[in-house]
Structures are given as structure tokens and as C-alpha cells.
Amino acid sequence: MNSLWRVLRSASALWPFYLAIVVLAAVVALLGLVSPFILREATDSIVSAVSGDITVASVTQTIIWLAIALFAADVATTLLQNLSGYYGDVMAMRLRQILSTRYYAKLLALPQKYFDNQITGTVIARLDRSITNVTQFIQSFSNNFLPMGLQVIVILIITTIYYWPLTILLALLFPIYMYLTALTSKRWQRMEGEKNQQIDEANGRFSEVIGQVKVTKSFVAEVRELDFFGSRYGKTVDITRPQSRWWHSMDSIRGVAMNLIFLAIYLVLFLRTLNGFFTLGDMVMLLQLVNMAKQPVYMMSFMVDSAQRAIAGSKDYFKVMEEEFEPTANEQLVSATEVSGVPELRDDYVAPLDSRNPVVDFNHVDFEYLPGEPVLQDITFNAAPGEKVALVGESGGGKSTIINLLLGLYPISSGELSVCGHDVEDLTAAKLRSSVGVVFQEPNLFSGTIRENIAYGKPDATDEEVLDVSRRANAHDFIMAFPQGYDTVIGERGLRLSGGQKQRVAVARAMLKDAPLLLLDEATSALDNKSERAVQAGLDELMKDRTTIIIAHRLSTIADVDKIITLEGGKIHEIGSPDELAVSGGIYSELLQLTASSSEADRSRLKKFGFVSDDDENHPEEHV
């Protein structure tokens, strides 16, 4: 239960709800205990009248008032139970809001390497299961079990006054039940963890397939994917059988043990009443109190089951929350994972760095994703303001890794890397990334309108600014062809737009950001030739007077760059202008020769570098 207390403590801002629920639960518990005492008085009064000890007329008014008191107590209990339930429901949703916001903030503040080993659907499933189980348990506990638990405490006090052995028998119910439950718990939780793993795998794959359903259909993989999904849930059924058998076997033992104790309690009550120690009213009252204590005992089976799920879920939650932050994570994100309530966030504008010479400076940089597996070795080069630098090399040679390092997605292993004269280790992630614009091969748009996507990096951009960058990105005409223009909703990942249209929106988005450093990671490689020309016109406008690092798939797109850097095996092979490297006999020179060749062998070799021939108008499928 420590993890659940940890959840409540971490949301200490909800203390007014906690206090209100406890106070109301206490009042409801006391009101619930009024009824047995009223019934005792009514029973004894009626027995006295029936036996002739007093007249019926003299007791009639008392019975009427007792009935009214019983009614008033029941009405008050009903109203306060619902008021307590209201506070419990709101508290549970507030708690869910706090935990979900923290979880999201933590994910946004984690380093890229965390996501490299995760499946998106699994991350989402873990959020839903973990927080849902925790909040459902706390809601059930506060709305139902807490008032009953408080009632049991008072009942034990009352039974002690009447006959202390009765209290001992009642008190024995709880330690025996908890002991037998503890014997069940460890094995049950292990099986629940195995089930959660299968569910996470199934839901993670589900998310991937639905997000790329065209690929699944294109490769006629629907049946295979359905079988994978169904088999994972089938394994949860296989795990549930022994898990449920174990739980219910132990629950049967718990139930029989409880029944034996209640047998002893009933015998004590009946025999003491028969021998004159209790009046008939006392017996009725004590039977009611015992039955009221019986409810939370049997409800413990449900509560323990719910608590087990909540504990298992909270472990998954805290496992994520204990991950290491990105070293330069946004302070607001870090704070949002720690505050006890809902954080007050400010979408502060982070100004880009001033362009300094050199804008980019790699100085003997080494990098490895995994220890002992170097990806970049001794990378040294720089880029001056306004300079265009092309990275050329075979796939896997380290080109995209350089882009990732400039975005601050990974820390360098050794050496020095500076952007605009600042060491990246001294910059926050927000400051570094505000100074770097990027256009990826996949534009990665969001659901929403075209306007919202263009202004994603500058939400307060004016309409004039959005229109200006759209025209410069060669996107305005196709946008205005839609009936809703810039307010056109493009769907998830921009599904309503063609590849070229999406990329032009991405170019406009980067243009509006107006960062001093621009990264083009094969920005046109996935497009057909007509779309590529339209996008390239926008890219040419975007690159004006801006330091640009380019990974290209056509030699013609880098023919007019200032500097070409060729990479081989994670090391720099040569650096120079296109004219210098054309006659150096190195990788770039080889690429020029391969591009001029029409043989299949040369074309295959060219594709290893991510390039296609500039005259390859009829083979857009060969774009990498």
C-alpha cells in the first residue's frame, strides 16, 4: 500500500477533498449507527407492550417518534452519502488530472534514447491502465469503504461496552482476512504483471498498425496482425485461468474462516439473550451492528482485488516517473512532474541565439548510442553564417546522427560541439532548439488546421506572417484551393494533403520559426519529381542568408553548396567545395561518376548513398 500512499502524498494539493471526505465519512458512519439503537428502543418498547408490562396507548407516541427519528437518520445518511460521493468523484478526477499531467510532463522531459526503446501504444496503454486503476481504487475506497471502516471502529467500541469477547471475535475478522490475503498477493501480482506485459505488446502493436494501416493493407498483413493481437490477449486468458483459480481458492478459504467466526458471534448473541444477559432489543441492535461490520469484511475481497490492480499500476507509473530527465529539459516540465497540484504553465517565447561565426562547430566529437558501439568518431568541421554545408555518405554513415546532435536529442560522448558560439552542454534544450529549424524527410504534421501547423513553432504569429511564409514556401496557392483555406482541417499526420503539400507546409513552419541554423534531413527524398521541384523552390527561399546543413538525395541539390563533407564509417573522409571534391578521387567524385552511369551495378551503388540520378524522371520509386 506504500505506493498508494505515495500517490496521495504527491497530490497533497487535494487535502481539502481528503478532509471533506473523511469528515463526511465519519458523520455518515455515526448516522448509520443510529438505526440499530432506535430499533433496540422500538423492539424493547413493543415487547413490553405485548407482554403487558405497559399499555399500548402509552407506548404508541414513543414508537411514532422513533419511526420519525429513523426516517430522519436515513434521509440524512442518504444526503450526506451522496455529498461525500460527489467529493470523492471530483477528487478522483482531479487526482487523475494531476497524475496524467505529471506523466505527460515526464515523457516530454525524457531524453530521446528513452523513446528509442518504447512502442508508442505501450506508453499510452501504460498511462491509461496505471492511472485508471489507481484513481478507481481511491474513488471506491473514499465513496464506499471508508465510511464502513469508520463504522467498524465505533461498532467495536460499542460491542466492548456490551460484551468484550464479542469485540475480540469481530476484531479477529480483519487480521485473519489480511493474513490470508497477503498469502495470495505476491503470486497474484506477478501474474498480473505478466498479463499487463501481454496487453502492452498487443496495444502497442495495435497503435502502430492503425497509424500505418495503408502499409498493413498494402502488404496484405491484416490477418497476420490480427493474429498477433489476438494471440497476446489469448495469453492473458491463459494467465488469468491459474491467477483466478488461485485467487478464488484463497478467497474461499477466507470466506470459510469468516463464516466460522460469524458462527461463533451468532452463538454468543443467541445464548446470552436466551440466558437473560441481553434484552431482545439488545440482541436486535447487536445483530444489526454485527451485520454492518460484516459488509466491509466481505467488501474487502473487492477492495483488495482493486488495490492489487492499483498497486501494480502505480509501480508502472512510478517506474516512468523515476527515469532520468533530459539533462537540459525545460524547467517548467521538470517542475510539472513535482508539484502537488496542477502546474501553472507559461508558453514563454524562447528567442533564438544570435548568429555568430561559426554557427556550427564540431571539435573532435565522438558519439555512440550504445556503449562500445561508436557511430561518430573524431568529427571536426564548422559552418559560417549563411554557409550551406552538405553531408554525403552511405546510409548508416552518421549523417542523421549529426542532425540529431545539433537538435540536442542526444548528448555527445566526447569532444566539443557549439551552436552560435555556445557549447550545447551549456544551453537548455529550449534555447538550443529555438535556434535550429528543421525539415525532415517525413513532415510529421498534427491533426488540426493548416494555419495551426504552420504556426506550430510560433502560436502567436499573425495572419500576415503565416500568409507571408506560405507564399515564400510555395504553399499559398494549394492552400487557398481548399474551401476553408488556412482553416482546413488536415486530419491525423496531415492525411488530407499530398506528400508535396505536407512538405511545403513543413517548409513554411520552419520558415516562420526563423532560426539561424537550418537542418534539411532528406527533405525531398520521398517526393515525386514534380512535387520535389515545388518543395525545392520553397527550400531555396528558406535557405537564403541562413546557415544550412543538408542531407540530400540528388547531387543537383547540393551542387551549389559552399562545402561538402563526406562521411565513411562514422568518420569524415574529406571536406571541400563541390569543385574541389569533384576531382579529388574521393566519395563525391565517385558519386558524380555513378550518377553519369546507366548500369544497374552503378545505380545500385548510388542508392547505398541515398542518391538517385538527376535525370531519373521515370523512376520516382528509387528515391530513398
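The structure is a predicted model, in which local features need pLDDT of at least 70 and side-chain atom pairs count only at pLDDT 80 or more, while totals for chains, interfaces and linings use all residues. Residues are numbered from 1 along each chain as its sequence is written, and side-chain values use heavy atoms, with hydrogens and water left out.

**The whole protein**

Let's start with the big picture. The protein has 21 helices and 10 strands; these are DSSP runs, with helices (H or I) of at least four residues and strands (E) of at least two, numbered from the N terminus. Its C-alpha atoms fill a box of roughly 125 × 50 × 45 Å along the principal axes. The radius of gyration is 36 Å, whereas a compact globule of 624 residues would have a value near 25 Å. That radius is taken over C-alpha atoms, and the globule rule is 2.2 Å times the number of residues to the power 0.38.

Of the 624 residues, 47% are buried, meaning under 20% relative accessible area with a 1.4 Å probe, protein chains only.

Where does β9 sit? Five of the six residues of strand β9 (residues 563-568) are buried, so this strand is largely enclosed by the rest of the structure.

| Strands | Sense | Bridges |
|---|---|---|
| β3 (residues 388-393) and β9 | parallel | five bridges |
| β9 and β10 (residues 571-576) | antiparallel | five bridges |
| β4 (residues 414-419) and β5 | antiparallel | two bridges |

On the β10 side, I565 stands opposite I575 in β10. The hairpin of β9 and β10 has two residues between the strands, and G569 there takes a positive phi near 60°.

**An open sheet of four strands**

In which order do the four strands of the open sheet come? They follow the order β2-β1-β4-β5, with antiparallel pairing. At the edges are β2 (373-383) and β5 (422-423), each of which pairs on one side only. Within this sheet, the bridge partner of S418 is D423 in β5.

How values were computed
Buried < 20%, exposed > 50% of the residue type's maximum accessible area, 1.4 Å probe, protein only. Pairing = 2+ DSSP bridges.
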